[in-house]
Amino acid sequence: MLLKNDPDWQQDLQRLGMTRPFFKEQSIWAIFVYRYGRRVDSMAPGVGKRIRTKLYWLLFRWVETWTGISLPKEAEIGGGLRIFHFGCIFVHPGAKIGKNCTLRQGVTIGNKSEGGPVPVLEDDVELGAFAQVLGGVVLGAGCRVGALSVVVHDVGAGVTVAGVPARPLGRGAPESVARPKPLIQQADC
């Protein structure tokens with residue numbers, strides 16, 4: 001099999017930590033097709049590569065339609081990718097994603113304008129449900145992005161951000177950023 005000796009694919013499977021993942025986890029279908037496409041691209045030109053490229057595109061469209069996950073083979077994604085709660089996940093073909101990153105449903109990793117720069121996620125980055133990472137931003141190793149957040153600025157290594165636009169949370173964050181003010185003030189009773 002084309003992926004049997006692919007170390008990134010082996011890390012993907014190991015991170016799932018389950019037997020028979022193709023029957024239990026739909027997101028692995030998209031990761032498999034992505035890894036398959038990357039391996040086909042690395043093949044020497046010829047009839048075998050042309051046939052496998054056509055098969056890749058058929059599989060890519062089928063998985064994209066049925067799972068709602070778009071992982072184009074042009075993106076650079078390190079091993080150990082984990083996708084929880086498949087659906088509505090779009091990765092720009094120019095994006096770079098490090099090892100052991102986690103994506104949840106509704107995540108978009110893309111540019112802000114056509115032809116604009118795209119994000120770089122370093123190793124061990126976690127994106128919450130419906131997080132949007134847009135433009136030429138760099139998310140440092142081990143950072144976390146909260147659900148429904150929109151990241152348009154660089155995030156340092158190990159920092160947790162949330163909000164629209166995303167701002168640092170927790171220890172070391174300024175008081176005004178750590179606890180956002182409520183949009184609606186409650187009346188005193």
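Between which two strands does the loop that holds Asp 154 lie? In this predicted model, Asp 154 is placed in the loop between strand 13 and strand 14 (160-162). With a relative accessibility of 55%, Asp 154 counts as exposed, because the cut-off for that class is over 50%. When neighbours within four places in sequence are left aside, the contacts of Asp 154 are with Gly 136, Val 137 and Val 138. For Val 138, the backbone nitrogen lies 2.9 Å from a polar atom of the Asp 154 side chain. Val 120 is 34 residues away from Asp 154 along the chain, and the two C-alpha atoms are separated by 9.4 Å.

The pairing of strand 1 with strand 4 (residues 89-91) is parallel and comprises 2 bridges. Within this pair, Ile 69 is positioned opposite Ile 89 of strand 4.

The largest nonpolar core contains 41 residues, and those with the most contacts inside it are Leu 71, Leu 103, Ile 109, Leu 127, Leu 139 and Val 151. Two or more residues of this core are supplied by each of helix 1 (7-16), helix 3 (27-41), helix 4 (47-67) and strand 4. The greatest contribution is that of helix 3, with 8 residues. Residues up to four places away in sequence not being counted, Val 151 touches Gln 132, Val 133, Leu 134, Val 137, Leu 139, Val 145, Val 161 and Ala 166.

Several loops show backbone geometry of note. Most residues other than glycine have a negative phi, and most peptide bonds are trans. His 85, although not a glycine, has a positive phi of about 50°. This residue is located in the loop between strand 3 (82-83) and strand 4, and His 85 is exposed, with a relative accessible area of 51%. Phe 130 likewise has a positive phi, near 60°. The loop that holds Phe 130 runs between strand 9 (126-127) and strand 10 (132-134); at a relative accessible area of 40%, Phe 130 is partly exposed. A cis peptide bond, with omega about -10°, joins Val 164 and Pro 165. Pro 165 is placed in the loop between strand 14 and strand 15 (167-168).

Key
Residues numbered from 1 in each chain as written. Predicted model: local features only at pLDDT ≥ 70, side-chain atom pairs only at ≥ 80, totals over all residues. Heavy atoms only, no water. Pairing = 2+ DSSP bridges. Helix = DSSP H or I, 4+ residues; strand = E, 2+ residues; numbered from the N terminus. Core = buried A, V, L, I, M, F, W, Y, C linked by side-chain atoms within 4.5 Å. Buried < 20%, exposed > 50% of the residue type's maximum accessible area, 1.4 Å probe, protein only. Contact = heavy atoms within 4.5 Å. Polar contact = N/O pair within 3.5 Å; in protein donor to acceptor, adjacent residues only side chain to side chain.
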